[in-house]
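Here are my notes for a colleague who is opening this entry for the first time. Please keep the sequence and the model side by side while reading.

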Amino acid sequence: MAGPEMSQTVYAAAGHDRENTAVPSDRVPANLAKAVAGVTFGNMVEWFDFAIYSSMSGIMAEVFFPASNKLSQLVAVYAAFAAGFLIRPLGGFLFGPIGDRYGRRTALVASISLMSIATLCISVIPGYRSVGIWAPVLLVAMRLLQGLSTGGEYGGSCIFIAEYSPDNKRTYLTSWLEFGNTTGFLIGGLMVSGVTYCLGWERMLAWGWRVPFVLAGMMGVIALYIRMNVEETPVFRHMQEEKSHKPGKDQTIWTMLTQEWPNLLRSAGLVATFNVTYYIVLGYTPTYLANIAGYSPAFCSNLSLAISLSLLVFIPCFGWMGDYISRKKMLVMGCLCIGGGAVPAFLAFQAHSGLPVIGACMAVLVTGMLCFHGTMPSTLPSLFGSTVRYTCLAVSYNISVSLLGGTAPLVNTWLIARTQYALVPAWYLVASAIVGLIALWGLRDRTGQPMPA
């Protein structure tokens with residue numbers, strides 16, 4: 001693998017050499033840790049916001065939607081959740097050009113600002129019993145703003161850390177972004193559980209559900225301050241220097257799509273596999289176990305907590321392994337774990353198998369998730385050249401998430417309700433693993449190599 005010196009080569013002629021995208025050696029040691037920590041915390045706040053909504057799905061359903069039956073309310077609240085994902089491509093088209101033209105940091109500051117405003121607004125929306133249909137309308141509107149902001153968040157965060165990182169440590173350092181995501185999701189869930197325990201169900205329905213959203217908005221203000229005090233990436237600073245010496249026209253979206261379409265499709269396929277796995281295994285499985293398979297709420301909560309803690313412990317390890325073994329091999333292994341382990345796991349759920357059997361099945365699925373979490377944040381930015389990197393990743397990532405990832409809980413709930421076939425989530429995971437293997441076919445593995453210029 002390439003050593004740190006490859007990353008610290010000065011950018012001579014980088015504007016025409018797609019293999020030379022190193023960072024100046026005098027900037028990396030001073031700013032790398034700050035960049036990783038600052039962006040990771042901001043991304044953690046974004047996913048904290050999403051976690052509290054997901055964790056309070058039952059409460060949100062009763063507060064914002066008319067009572068008919070539990071399944072209808074659950075579908076409605078997941079539909080509002082999915083609405084935020086459906087608008088994410090628009091966020092990609094909005095924040096992508098900002099990140100490529102005005103700076104990675106500028107786009108990330110804008111995204112966290114919008115997310116924080118929308119989250120605080122959710123905390124003050126009246127319930128359905130107070131304003132009727134306007135309650136779910138306002139909730140969906142704020143979810144759309146959250147989705148718009150997230151359209152520029154994840155890809156921009158990956159790019160920011162990747163462009164700061166030495167070539168031989170890029171996979172490991174970018175994996176901390178997923179550590180931050182999982183931390184935000186875990187803390188959000190724990191906060192909801194703690195507030196619910198302290199206040200009780202009735203008070204949570206009356207006003208307690210607002211508390212986590214207020215705290216999330218306050219955390220967003222802190223994240224905004226941190227991001228405003230992190231320097232722009234060396235890659236973008238060099239792009240600006242090159243542009244001042246050799247001014248030219250920015251690429252249009254259409255030109256970018258026609259030139260980058262093979263890697264746009266590859267990125268979308270990998271993102272689909274990554275996100276379907278994440279939202280089904282971690283986000284949807286506890287709800288499935290409680291509402292479909294009939295497990296106790298305590299068992300479902302403990303399983304979700306165990307998965308989250310496993311991710312926290314092992315994500316950096318799998319990131320390190322990605323630099324050592326290679327990202328592509330890790331991603332292939334992840335697809336095989338998900339594709340091979342999904343059906344046995346959900347059969348074990350249905351049969352109410354013993355804890356050792358369920359634990360073994362979930363370990364296989366979590367291993368697949370870890371392969372994705374550890375390597376995907378460095379793989380995706382390395383698909384594109386620096387001048388179009390933010391736009392390409394934002395567009396491909398968010399279109400894929402909107403169509404397949406974020407809608408997975410809603411689609412699976414609806415399909416189970418229509419077909420009465422309880423293995424729908426398992427085959428959904430198998431299909432996503434096949435998509436991932438197809439996307440990996442022909443992928444150039446850039447582990448330990450410079451990112452394209």
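The points below go from the whole chain to individual residues and contacts.

1. Basis of the note. This is a predicted model, in which local features need pLDDT of at least 70 and side-chain atom pairs count only at pLDDT 80 or more, while totals for chains, interfaces and linings use all residues. Residues are numbered from 1 along each chain as its sequence is written, and side-chain values use heavy atoms, with hydrogens and water left out.

2. The chain as a whole. The secondary structure comes to 20 helices and 0 strands, where helices (H or I, at least four residues) and strands (E, at least two) are DSSP runs numbered from the N terminus. Of the 453 residues, 57% count as buried; buried means under 20% relative accessible area, exposed over 50%, and partly exposed in between, with a 1.4 Å probe and protein chains only. Among contacts (heavy atoms within 4.5 Å) with a separation of 6 or more, 85% are between residues 24 or more positions apart.

3. Salt bridges. A salt bridge is taken as a side-chain nitrogen of Lys or Arg within 4 Å of a carboxyl oxygen of Asp or Glu, and by this rule there are 6. One of them joins Arg104 and Asp100 at 3.0 Å, N to O; Arg104 counts as buried because its relative accessibility is 0%, and Asp100 is likewise buried, at 8%. In another, Glu231 pairs with Arg237, the closest N and O atoms being 3.8 Å apart, and here both partners count as partly exposed, Glu231 at 35% and Arg237 at 21%. Salt bridges that share partners also link Asp100, Arg104, Glu163 and Arg389 into one network.

4. The side chains of Asp167 and Arg170 form a salt bridge at 2.8 Å, N to O, with Asp167 buried at 1% relative accessibility and Arg170 buried at 2%. The backbone oxygen of Arg170 is reached by the side chain of Thr174 at 2.7 Å, a polar contact (N or O atoms within 3.5 Å, one able to donate a hydrogen and the other to accept it; residues adjacent in sequence count only if both atoms are side-chain atoms). Thr174 is found in helix H10, residues 170-199, and counts as buried because its relative accessible area is 1%. Leaving aside neighbours within four places in sequence, Thr174 is in contact with Cys158, Ile161, Ala162, Pro377 and Ser378.

5. Arg266. Which partners does the side chain of Arg266 have? Arg266, in helix H14 (residues 253-291), is buried yet has no salt bridge, and the nearest side chain of opposite charge, Glu260, is 9.1 Å away; for charge, Lys and Arg count as positive and Asp and Glu as negative, while His and the chain ends are not counted. Its side chain makes a polar contact with the side chain of Asn263 at 3.0 Å, and the side chain of Arg266 also reaches the backbone oxygen of Ala439 at 3.0 Å.

6. Val430. This residue is found in helix H20, residues 424-440, and counts as buried because its relative accessibility is 14%. Val430 and Cys337 are 93 residues apart in sequence and 9.7 Å apart in space, C-alpha to C-alpha. Beyond four places in sequence, Val430 is in contact with Gly339, Ala342 and Val343.
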